[in-house]
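I set down each item in the order in which I looked it up.

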Amino acid sequence: MTPVGGPAPPVRTTPIRVLGLMSGTSADGVDAAVAQLALAGDTLELTPLAAHTDPWPPELRRRILAAPEAGAAELCRLHRDLGAALGEVAVGAIDQYGPVDLLVSHGQTIHHEVGPDGAVHSTLQLGAAAQLAEQTGVPVVADLRTRDVAAGGQGAPLVSIVDELLLVGSADAGGPPGGDEPVAALNLGGIANLTVVRPAAPTLAFDCGPANALLDVAVARATGEPYDEGGALAARGTVDDRLLAVLLADPYLAAAPPKSTGRERYHAGYLDAALAVAPVLAPADLLATLAEFTAAAVAADVARYRVRRVFAAGGGVHNAGLLAALRRRLAAAGAQLLTTAQWGLPVDAREAYAFAVLGWLTWHGLPGTIPSCTGATGARVLGSITPGREPLRLPPPLPTPPRRALVRR
């Protein structure tokens, strides 16, 4: 029994199984990850249970990529069809890995509107949560970005709070408060983004620039394939210094955080404009240059914030050409390149697990944002909750958020 006036007993929550679904800027498929999550005192314990990726059917991917130019009727149908497709992925994951208590869906970003002033005016993710709830019978947390945007934030990178918890909590990371040097998490999806945890200073998170977005455009034109498998073609190429200089002159790179971007900026037209100034004919040389562009942009930000350890994840980790350029550039900046596998989080499922955590925070009435990362006026509880088959019964809101997260292996 706690004495009157004595310290309150540490808060503990019943472990729940959460399924996170994530489809990123590359729009190549859905990452599904099942985690067991529970709070023990000030620590969120994350046990990764299973994860896999289901590619989008080719016709659905074509519609996703064409959606920014679509009319209202097609957007309505796509919202429904993406929800149904996400529901199929969820049903398959539940059949394979067992029942879950909560489902968290990022949906598919169709448009992320960044104004000339760098502020995000709107963001749209499709994939009807009602479809997922209907097909699985499980309550669904979805539409997680819009609340942060409504509060004046970028709505991206949204998983920075999870990165901060893991960077602080992981002994492997050596980050604040356990260490005295900044550490960072890096995601190499369609866009490259960093979360920088610093001693005695607010955490920062922002999109650095493109990762796979331009690489995928170039390889699709050259080979008809959706991406450069293993980065084999990029690894054979030679960097074109003239084109690289044109790309690195992009004013977005010099803009101060908070900032975010997407396919709205880094698309085929962007690449064509750069090639009009500095043509590169050989596909391998173009891919090598684009990989170098991403590595240089990331390394410049790592150097700017004096980061010494970078934990990478995302599909770009499998691109040998990109990874070689990144390792070389980071070493020159005095930083070591590692991966989230050191924490026990697979590089291909890091964001799906992160969205599972964001949904857990929402489920327990806790904010899922860091204002210094997104630029919002304050931390906000994210998303909307759609009931499953049973009446919605939320747990009591937790009084305080976790201070760190540990991956239980």
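What volume does the second largest pocket have? I read a value of about 430 Å³ for the second largest pocket. I note here that the model is a predicted one.

**Entry 1: the pocket lining**

I looked up the lining next and found 20 residues around the second largest pocket. Nearest its centre lie Leu65, Val217, Arg263, His267 and Ala268. I then listed the elements that give two or more residues to this lining: helix H1 (58-66), strand S4 (102-114) and helix H6 (212-223). Which of the elements gives the most to the lining? I found that H6 does, with four residues. Sorted by class, the lining of the second largest pocket comprises nine nonpolar, five polar and six charged residues.

**Entry 2: Arg63 in helix H1**

I turned to Arg63, which is found in helix H1. Is Arg63 buried or exposed? I recorded a relative accessibility of 15% for Arg63; because the cut-off for buried is under 20%, Arg63 counts as buried. Leaving aside neighbours within four places in sequence, I found Arg63 in contact with Glu74, Arg77, Leu78 and Asp81.

**Entry 3: Ile110 in strand S4**

I next looked up Ile110, which lies in strand S4. At 3% relative accessibility, Ile110 counts as buried. Which residues does Ile110 touch, not counting those up to four places away in sequence? I listed Ile64, Ala67, Pro68, Leu75, Leu78, Leu124, Leu126 and Glu264.

**Entry 4: the five-stranded sheet**

I then examined an open sheet of five strands, and I read the strand order as S9-S8-S7-S10-S11, with mixed pairing. Why is one side of strand S9 (204-210) and of strand S11 (336-339) left without a neighbour in the sheet? Both strands stand at the edges and each has a single partner strand, so one side of each lacks a neighbour there. I recorded an average twist of 25 degrees from one strand to the next.

Strand S7 (residues 183-188) and strand S10 (residues 309-313) run parallel and are joined by five bridges. In this pair I found Val183 opposite Arg309 in S10.

Technical notes. Residues are numbered from 1 along each chain as its sequence is written. This is a predicted model: local features need pLDDT of at least 70, side-chain atom pairs count only at pLDDT 80 or more; totals for chains, interfaces and linings use all residues. Side-chain values use heavy atoms; hydrogens and water are left out. On a 1 Å grid over the protein atoms alone, a cavity is a set of points where a 1.4 Å probe fits but cannot get out, and a pocket is an open set with protein on both sides within 12 Å along at least five of seven lines; lining residues have an atom within 4 Å of a point. Grid points are joined across faces, edges and corners, and a volume is the space filled by probe spheres set on the points. Ala, Val, Leu, Ile, Met, Phe, Trp, Tyr, Cys and Pro count as nonpolar, Asp, Glu, Lys and Arg as charged, and the others, Gly among them, as polar. Buried means under 20% relative accessible area, exposed over 50%, partly exposed in between (1.4 Å probe, protein chains only). Contact means heavy atoms within 4.5 Å. Two strands pair if DSSP finds at least two bridges between them. Axes are lines fitted to C-alpha atoms, for helices over the stretch in contact, and angles run from 0 to 180 degrees between N-to-C directions.
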